[in-house]
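Here is a walk through one protein model, taken piece by piece. Keep the structure open while you read.

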Amino acid sequence: MKINTLALPLSGPQEDSWHAVLTEAAAADLPRLPAPSGAEVRGRLRLPTARGRAVLWTAEGDEGVACLILFSDESNRHAAFVDALTVRPRDRRRGVGRALWERVREELVADGRTSVAAMVDLGGPGQAFAESLGFENVLPMGWYTQELPADGAAPAPATSGYEILVWRGRVPDAWAQAAADAHTAMEDAPSGEMDQHIEPWTPQRLHAMQQIILDRGGEMTTVAAVTPAGEVAAYTELVLPDPSGARALQYDTVVLPRHRGRGLGRAVKLHMAADAARRYPELRHIATTVADENTPMRTVNESLGYRRERGTGYFQLKL
């Protein structure tokens with residue numbers, strides 16, 4: 001079976017073929033979810049990541065696709081991430097996935113990587129395939145969704161001693177350092193046995209991450225609870241990979257340790273949902289992932305109406 005390496009940027013027909021593979025696979029594996037939008041898929045192909053170098057392959061005949069991210073930050077040059085390894089349903093059990101994986105593995109070994117990971121939905125063909133290759137689930141997680149009613153989200157509560165700020169796109173320069181400091185507080189989030197190191201957050205790294213979302217054609221909003229002293233005490237992030245779509249992603253939600261126990265996590269999430277409902281009338285669902293062991297965040301989410309959609313996991317293989 002011939003596996004072709006793709007050169008970035010892809011051509012229009014190559015993008016269309018990639019989108020078709022993902023759409024057919026999603027319809028078979030996750031039929032209750034919206035199909036991947038063309039705008040989102042094309043954006044991710046044109047700007048795969050800010051964290052490293054992307055290598056893409058396709059099986060001849062467009063039976064399947066694969067994308068590998070080779071991390072470039074100094075503390076993670078040993079690691080990589082399989083961003084996609086997908087086979088059309090009609091072409092499964094014919095060795096397409098295994099052939100794609102062999103090319104991925106060759107690239108990993110040639111580049112001196114000793115660890116590779118992937119996000120895998122539980123209970124489906126992806127889990128069975130990953131486990132057959134030796135991957136192990138080192139951080140069990142779940143996808144959770146909150147439904148936004150057509151008449152808008154519930155009003156958010158007041159936050160005594162804190163001001164709620166809403167930033168569109170990149171965090172303003174004046175708040176970038178405080179926001180980067182708050183991102184660093186994610187270091188105490190559950191990480192299981194993940195073989196990745198957390199790079200220090202800087203204003204430059206934060207802006208690079210946010211800019212790539214915008215350059216892909218998406219939109220991003222950060223809702224923060226800030227102190228009179230200029231500290232970001234809590235924040236949450238909402239990303240619409242396709243601003244015209246009905247489903248958004250909630251990225252990080254963080255409360256700094258010394259500000260916990262005051263309802264700030266719940267408050268910024270409520271402000272986020274209310275703002276999103278006003279700004280995006282077509283938006284119906286906000287989806288997020290939470291580690292199974294992160295009981296405090298799961299409790300907050302459940303109080304806001306988030307419900308578990310499906311199990312997933314951070315699967316890892318040591319080479």
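## Helices α7 and α8

Helix α7 (residues 264-279) packs against helix α8 (residues 295-303) at an angle of about 45 degrees, and their axes are 10 Å apart. Axes here are lines fitted to C-alpha atoms, for helices over the stretch in contact, and angles run from 0 to 180 degrees between N-to-C directions. Helices (H or I, at least four residues) and strands (E, at least two) are DSSP runs, numbered from the N terminus. α7 and α8 are therefore oblique to each other; angles under 35 degrees count as roughly parallel, over 145 as roughly antiparallel, 65 to 115 as roughly perpendicular and the rest as oblique.

The crossing of α7 and α8 is right-handed, meaning that the near helix is turned clockwise from the far one by less than a right angle. G265, R266 and K269 on the α7 side meet M297, V300, N301 and S303 on the α8 side, with contact meaning heavy atoms within 4.5 Å. By class, that contact of α7 with α8 has 2 nonpolar, 3 polar and 2 charged residues (Ala, Val, Leu, Ile, Met, Phe, Trp, Tyr, Cys and Pro count as nonpolar, Asp, Glu, Lys and Arg as charged, and the others, Gly among them, as polar).

## About the model

This is a predicted model, where local features need pLDDT of at least 70, side-chain atom pairs count only at pLDDT 80 or more, and totals for chains, interfaces and linings use all residues. Residues are numbered from 1 along each chain as its sequence is written, and side-chain values use heavy atoms, with hydrogens and water left out.

## Helices α1 and α2

Now for the other helix pair. Helix α1 (residues 12-29) and helix α2 (residues 38-46) pack at about 120 degrees, with axes 10 Å apart. That makes α1 oblique to α2, and their crossing is right-handed. In α1, the residues E15, D16, W18, H19 and L22 meet G38, V41, R42, L45 and R46 in α2. The residues of this contact divide into 4 nonpolar, 2 polar and 4 charged.

## The sheet

Next up is an open sheet of 12 strands with mixed pairing, in the order β1-β2-β3-β4-β5-β12-β6-β11-β10-β9-β8-β7. Two strands pair if DSSP finds at least two bridges between them. β1 (3-6) and β7 (163-168) stand at the edges with a single partner strand each, so one side of each has no neighbour in the sheet. From one strand to the next, the twist averages 25 degrees.

Strand β4 (residues 79-87) has 7 of its 9 residues buried, so β4 is largely enclosed by the rest of the structure; buried means under 20% relative accessible area, exposed over 50%, partly exposed in between (1.4 Å probe, protein chains only). Strand β3 (residues 64-71) runs antiparallel to β4, joined by 7 bridges, and V65 stands opposite T86. β4 also pairs with strand β5 (residues 115-121), in the parallel sense over 3 bridges, with A80 opposite V116.

## Two residues to look at

T5 is found in strand β1 and, at 46% relative accessibility, counts as partly exposed. Leaving out residues up to four places away in sequence, T5 touches V55, L56, W57 and R103.

H183 lies in helix α5 (residues 173-184) and counts as buried, at 3% relative accessibility. Beyond neighbours within four places in sequence, H183 is in contact with W201, L206, M209, Y235, E237 and D252.
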